[in-house]
Number of protein chains: 2
Amino acid sequence: MARLPTLAVLGATGAVGTVMCELLTGRRNVWGEIRLLASERSVGRKVRCRGEELTVQALTEDALDGVDVAMFDVPDEVARHWAPIAVRRGAIVVDNSAAFRMDRDVPLVVPEINPEQVANRPRGIVASANCTTLTMIIAVAPLHDEYGLRELVLASYQAVSGAGQAGADTLHDQLAKVAGDRMLGARTGDVRQAVGDDLGPFPAPLALNVVPWAGSLTDGGWSSEEMKLRDESRKILGMPDLKISATCVRVPVLTGHSVAAHAVFATEIDVEGAREVLRNAPGVIVVDDPAAGEFPMPIDAVGTDPSWVGRIRRTLDDPRALDFFVTGDNLRKGAALNIVQVAELLAEDLTRP
Amino acid sequence: MARLPTLAVLGATGAVGTVMCELLTGRRNVWGEIRLLASERSVGRKVRCRGEELTVQALTEDALDGVDVAMFDVPDEVARHWAPIAVRRGAIVVDNSAAFRMDRDVPLVVPEINPEQVANRPRGIVASANCTTLTMIIAVAPLHDEYGLRELVLASYQAVSGAGQAGADTLHDQLAKVAGDRMLGARTGDVRQAVGDDLGPFPAPLALNVVPWAGSLTDGGWSSEEMKLRDESRKILGMPDLKISATCVRVPVLTGHSVAAHAVFATEIDVEGAREVLRNAPGVIVVDDPAAGEFPMPIDAVGTDPSWVGRIRRTLDDPRALDFFVTGDNLRKGAALNIVQVAELLAEDLTRP
Ligand SMILES: NC(=O)c1ccc[n+]([C@@H]2O[C@H](COP(=O)([O-])OP(=O)(O)OC[C@H]3O[C@@H](n4cnc5c(N)ncnc54)[C@H](OP(=O)(O)O)[C@@H]3O)[C@@H](O)[C@H]2O)c1
Ligand SMILES: NC(=O)c1ccc[n+]([C@@H]2O[C@H](COP(=O)([O-])OP(=O)(O)OC[C@H]3O[C@@H](n4cnc5c(N)ncnc54)[C@H](OP(=O)(O)O)[C@@H]3O)[C@@H](O)[C@H]2O)c1
């Protein structure tokens, strides 16, 4: 390819798409034309990207003409419909939705962990993992390489923007309703009453609450979000039998997913060794000095690229286990950044002489 | 004893003490005089309790004269100093602080689990457990009785009022500062800047954040709160070698601690059996219909007595393990209610002919 590849961003006006445009502005420029696509609702919106002012176009078959790489930051059902169309029109699809992640013929790629899988795409589609999985797996994979992972027990603290722009808007609206009333939060149901019926994309109020539910119901009482964490981690690590059990909980944080992880390994852990492994791991920053108030937190990790890992300690009652806490920006590494990294691998390939 | 016993509430003006006065109003009346004590700062304050308007007195040796049962809802160091004095003056002390919990000569009593221990008090002191421990152990103990507990992996979602009235005030103040600014929560440090330097009893802002830290630093990077969960659970269950590992996290909730629990047992679990055990357990309410939006949450559990248990599911990769989520009011079962239940056991004893 003599020219730089043409990139389309589908869903450019959403929570992930907005961060995508920011990222494209800051990173190495490997793209020729960049085309921003969204629904009819957004046609004509101006978005700054890479120093240019771009106009959002409707997602149509014609709008995909000449596109080399199409980043999909749209809902599952939109991705399911449009990915094969984009592929037929000649694009490689990098999909951020859940539509193709568990498809045997679609690789699930995290460039820090399994970049080679990007070439293995019989359907022309490469998938990117769920935001909670990405945040956590970046820290777990290098520990697995060193110590041999046997089991993961996870509990998440997930931000509302994980449910898209509507999630963020909902928490802002709810906070405006509850802030200032110092009597709230002391009686059963009083926050529900103050928040009212508009729960946005959530099954319960998020302001002054935690909601132990994300996604839809699957067998045995597990949420789809919990199943994604299990299935996607297994696929990324190439360990189809890995023992994983997760509880996914939404918290009143705008952006930044956190996970409390208990990881059991095949061999004994020395905690300094584990810390060293994490310090040298790509995409990881170790923030672990509790006495100095340093641990990973959403308000610090938001807007940054790496997964922040801290509270690293050897389990007291099991020398082969490690407990730690990890926080990452669900819109960056958890979504847009991973997509952009995958797309850059593809661009490199396309422009290789 | 011909008369009804005299009760003193130390720390009646605090977060726990305030709920204590409410509880005393609603429960069976087993007390004669009730005396409310606090620091010099609160002397003369009027508090409604049991339909009477009581005047807060200063905690002095004389104020303890004639007290049969003294409930301690004061900081650790105040409890450490005053408990032996109250005992010398003839009172039985029921202490909510951490000062004596791990003392071999002080029983750690949860009336639903080990009520008989209340009689075993060589120092004249009975201790009540940490709020997170209490919330969770109420659900774990009956499962242990049925299936034989082997290991617990816990992650907590702790409310700010667990750090006393100052904790609750801090979150209210911070929410007032961040609410209404829809740009916040998207850039590293922006919430820190909006909140400013007044962090109250916490090491970081709580508004729009989660803070994976509570208490002080102990060996190996564990927080004192995490060690309490381990030590106190072991003591209450009488299992000094129980494997426990916990990550304690503070969240922007006013009242209501939650715990995501992964419990491994000696025998296989059938989830309907486990649900039945929990349904019949004292102090537990099962709220477990995710499709109908029913799971335990702080905004519902606050102001109620039981531990709410839900998201009950057998671990997919381990038939002997159970995952569940539990929420309780940290000021009720987590503090005032447990104390009041223990004190009522003592009152029964004292008034038995
Ligand atoms: N948020 C996260 O943390 C996160 C992390 C990982 C993966 N993901 C996945 O990434 C995808 C996007 O998530 P998001 O959080 O950015 O959602 P969002 O804020 O709701 O944005 C959705 C985007 O898709 C567009 N869109 C919706 N329907 C469309 C249609 N029929 N045709 C064309 N465009 C359409 C929207 O355009 P309009 O503005 O015109 O409606 C908008 O740009 C989802 O699949 C999500 O599961 C999200
Ligand atoms: N909050 C919880 O969820 C929870 C749960 C379990 C156990 N606990 C424990 O319960 C105890 C009380 O906690 P809290 O949350 O209620 O704290 P708080 O809101 O800070 O209240 C502290 C109380 O102690 C009184 N006090 C402080 N110093 C005193 C002194 N030198 N002499 C006499 N009274 C004094 C205060 O009186 P003034 O108002 O006059 O200062 C106030 O009534 C602590 O040991 C805590 O660890 C708390």
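**Two chains, two ligands**

Trainee: How do the residues of the shell around ligand 1 divide into nonpolar, polar and charged?
Mentor: Here Ala, Val, Leu, Ile, Met, Phe, Trp, Tyr, Cys and Pro count as nonpolar, Asp, Glu, Lys and Arg as charged, and the others, Gly among them, as polar. Sorted in that way, the shell around ligand 1 gives 11 nonpolar, 13 polar and 4 charged.

Trainee: Good to know! What pLDDT do side-chain atom pairs need in order to count?
Mentor: Residues are numbered from 1 along each chain as its sequence is written, chains are lettered from A and ligands numbered from 1 in the order in which they are written, and side-chain values use heavy atoms, with hydrogens and water left out. This is a predicted model, in which totals for chains, interfaces and linings use all residues, local features need pLDDT of at least 70, and side-chain atom pairs count only at pLDDT 80 or more.

Trainee: Which residues are closest to ligand 1?
Mentor: A residue is near the ligand if one of its heavy atoms lies within 4 Å of it. The shell holds 28 residues, and the closest are Thr13(A), Val16(A), Ser39(A), Ser42(A) and Val74(A).

Trainee: And how far is a backbone N or O atom of Gln165(A) from an oxygen atom of ligand 1?
Mentor: Polar contacts are pairs of N or O atoms within 3.5 Å. For the backbone atom of Gln165(A), the distance is 2.9 Å.

Trainee: What share of the area of ligand 1 does the protein bury?
Mentor: Accessible areas come from the Shrake-Rupley method with a 1.4 Å probe. Taken alone, ligand 1 exposes 900 Å², and the protein buries a share of 80%.

Trainee: How far from an oxygen atom of ligand 2 is a polar side-chain atom of Asn96(B)?
Mentor: Let's go through the polar contacts of ligand 2. A backbone N or O atom of Gln165(B) is 2.9 Å from a ligand 2 oxygen, and a polar side-chain atom of Asn330(B) is 3.1 Å from one. For Asn96(B), the distance is 3.4 Å.

Trainee: How far apart are the C-alpha centres of domain 1 and domain 2 of chain A?
Mentor: The domain assignment gives chain A domain 1 (7–129 + 335–351) and domain 2 (132–166 + 195–330). Their contact, meaning heavy atoms within 4.5 Å, takes 18 residues from domain 1 and 17 residues from domain 2. The C-alpha centres lie apart by 25 Å.

Trainee: Last one! Which residues of chain B lose the most area to chain A?
Mentor: In this pair, 79 residues of chain B are in contact with 79 residues of chain A. Buried area is the accessible area (1.4 Å probe) that two parts lose on being put together, summed over both. The two chains bury about 6,200 Å² between them, 60% of it on carbon and sulfur atoms. On the chain B side, 11% of what is buried comes from the three that lose the most, Arg182(B), Ile299(B) and Asp317(B).

Methods
Polar contact = N/O pair within 3.5 Å; in protein donor to acceptor, adjacent residues only side chain to side chain. Domains from an automatic or database assignment.
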